[in-house]
Amino acid sequence: MHAKECRRSTSIVAETMMRHRMFCVIILEVLLIYSSIPKSGAFGLGNAPPGLFHADIAQLLKRRNSFSQGSNDNNGCDIHPLKGNTAVVTGAAGGIGGEIAKIIHRLGGTVVALDRDVAGLEKLKDTLDDEERSREGLISNESRVWVLPTQHQDLDSVSHSANQIIDRFDRIDFLVNNAGLTYRDDFICGDERMKATNGQDLLFTVNYLSHFLLTEKLLPNLSRAKGRVVHLTSTYHWKVDGSEIIPGDAKCPQAYEFDPSSQSTKHIERSYGNSKLAQIFHSRSIHMHAPDCDSVCACPTWAATGIGGEDARDFLSMMAFPIEGSNEGETATTKIEEIRYGPGITSAINAMFRPREELGDALNCGRSFVANSRTLEFFVFRNSLLRWPIWRDGLTDLLGFLLLLGQRITYEDFIIQETSPESQDEEKRSQLYNWSRKEVQEWL
């Protein structure tokens with residue numbers, strides 16, 4: 001008995017010492033971040049970075065076209081470089097998806113907008129059609145915006161929309177997988193609001209599996225255009241290690257289960273991170289199965305959208321990156337090239353329009369994604385600290401909070417940032433892909 005008590009006491013002391021050590025490391029990390037950040041930064045904690053002008057984006061596309069055509073002519077600026085291109089955008093009725101749809105349309109492209117919000121889709125279409133008529137003086141009954149009301153929690157609805165797109169467009173140049181949600185704090189496991197139409201977990205179905213199905217169905221059309229898939233993912237994928245999105249001996253991943261008895265004990269708090277890691281795995285599988293199609297992940301960091309619900313919208317609008325530019329003095333007659341877009345969508349813009357040569361390790365099967373803040377990079381011990389399950393959840397939440405505080409003063413227009421070590425696990429990536437194909441097989 002005495003030996004057992006000694007061992008137990010030793011264990012408690014060791015655990016206490018480890019926690020104190022971890023606390024000291026965290027404090028050192030925080031001090032490192034703030035000692036490394038210029039105190040007279042251009043933006044400051046209270047001011048948002050400026051983002052990109054429309055002319056900057058057009059120039060970006062011109063450079064991409066120059067690379068692909070073997071030309072070095074970057075003079076001038078064609079404000080409609082996407083003329084003849086088609087882009088499919090999910091979650092397009094508002095937020096990041098809505099801003100991306102506007103950019104594509106203003107660049108001359110055709111927008112296929114998917115969202116469950118029918119009124120929001122119609123408003124987007126009317127806004128862009130009216131803008132084209134007023135800014136460019138075009139009189140035409142043919143719109144370059146096609147709206148498809150789609151319920152991403154219902155795979156039948158997603159498949160139906162995909163079939164309509166396939167029937168209408170032989171080639172698709174861009175697919176932006178943006179639609180997504182998070183669970184509210186008052187949700188508890190087993191809540192019917194967390195159940196998708198297929199009877200499984202709502203968040204995993206909407207954020208990941210619906211986009212997997214949509215992408216797989218559109219791959220032939222994307223390949224014909226040598227197109228690009230962009231996944232809007234998140235730094236929060238660091239919160240999870242991939243074990244809950246791999247089926248293992250079970251028939252489906254824990255993150256996909258609705259039954260609380262089959263879920264992880266931390267199902268709700270890990271749901272978002274699990275879905276974002278699954279997106280990264282899928283993005284890195286695409287080029288292997290469709291070599292003529294590129295895929296890139298982008299992290300918008302904390303962006304002022306409605307994904308956290310109305311309760312969080314005011315807070316995010318004050319602290320997070322705006323997705324719309326300041327555009328002071330902008331009117332309906334403002335020249336397109338003078339429109340400014342918010343820093344919350346610069347990573348998505350870069351993921352869509354940067355030349356392959358500039359995306360480097362963020363392209364296809366690489367180890368990185370496109371980001372817009374360097375805060376994460378100041379956590380030099382993140383790879384080792386976040387491998388410990390006992391610390392991972394809390395440390396990632398702390399990291400997310402510090403990211404919110406530091407993102408405005410570590411912002412850059414274009415960053416290639418390495419993702420978590422677990423996101424680079426090829427075996428788990430392959431397992432998830434194979435399971436996902438089987439799960440959506442009836443719609444393919």
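Reply: The side chains of Glu131 and Arg106 form a salt bridge, with 2.8 Å from N to O; the term denotes a side-chain nitrogen of Lys or Arg within 4 Å of a carboxyl oxygen of Asp or Glu. Because Glu131 belongs to helix α4 (residues 118-136) and Arg106 to helix α3 (residues 95-106), the pair ties together parts that are 25 residues apart in sequence. Helices here are DSSP runs of H or I with at least four residues, strands are runs of E with at least two, and both are numbered from the N terminus.

This is a predicted model, in which local features need pLDDT of at least 70 and side-chain atom pairs count only at pLDDT 80 or more, while totals for chains, interfaces and linings use all residues. Residues are numbered from 1 along each chain as its sequence is written, and side-chain values use heavy atoms, with hydrogens and water left out. The pLDDT is the predictor's confidence in each residue, from 0 to 100; the chain averages 85, and 82% of the residues score at least 70.

Both partners of the pair are buried: Glu131 has a relative accessible area of 13%, and Arg106 has one of 9%. Buried means under 20% relative accessible area, exposed means over 50%, and partly exposed lies in between (1.4 Å probe, protein chains only).

An α-helix has 3.6 residues a turn, so residues three or four places apart point the same way. Asp130 is partly exposed at 41% relative accessibility, as is Arg133 at 40%.

Elsewhere, Glu377 and Arg374 are joined by a salt bridge of 2.9 Å, N to O. Glu377 is partly exposed at 28% relative accessibility, and Arg374 is partly exposed at 25%. Shared partners also link Lys239, Glu244, Lys266, Arg270, Asp393 and Asp397 into one network of salt bridges.

The chain has 13 helices and 10 strands, and 52% of its 444 residues count as buried. Arg429, in helix α13 (residues 426-439), is buried yet has no salt bridge, its nearest side chain of opposite charge being Glu426, 4.5 Å away; Lys and Arg count as positive and Asp and Glu as negative, with His and the chain ends not counted.
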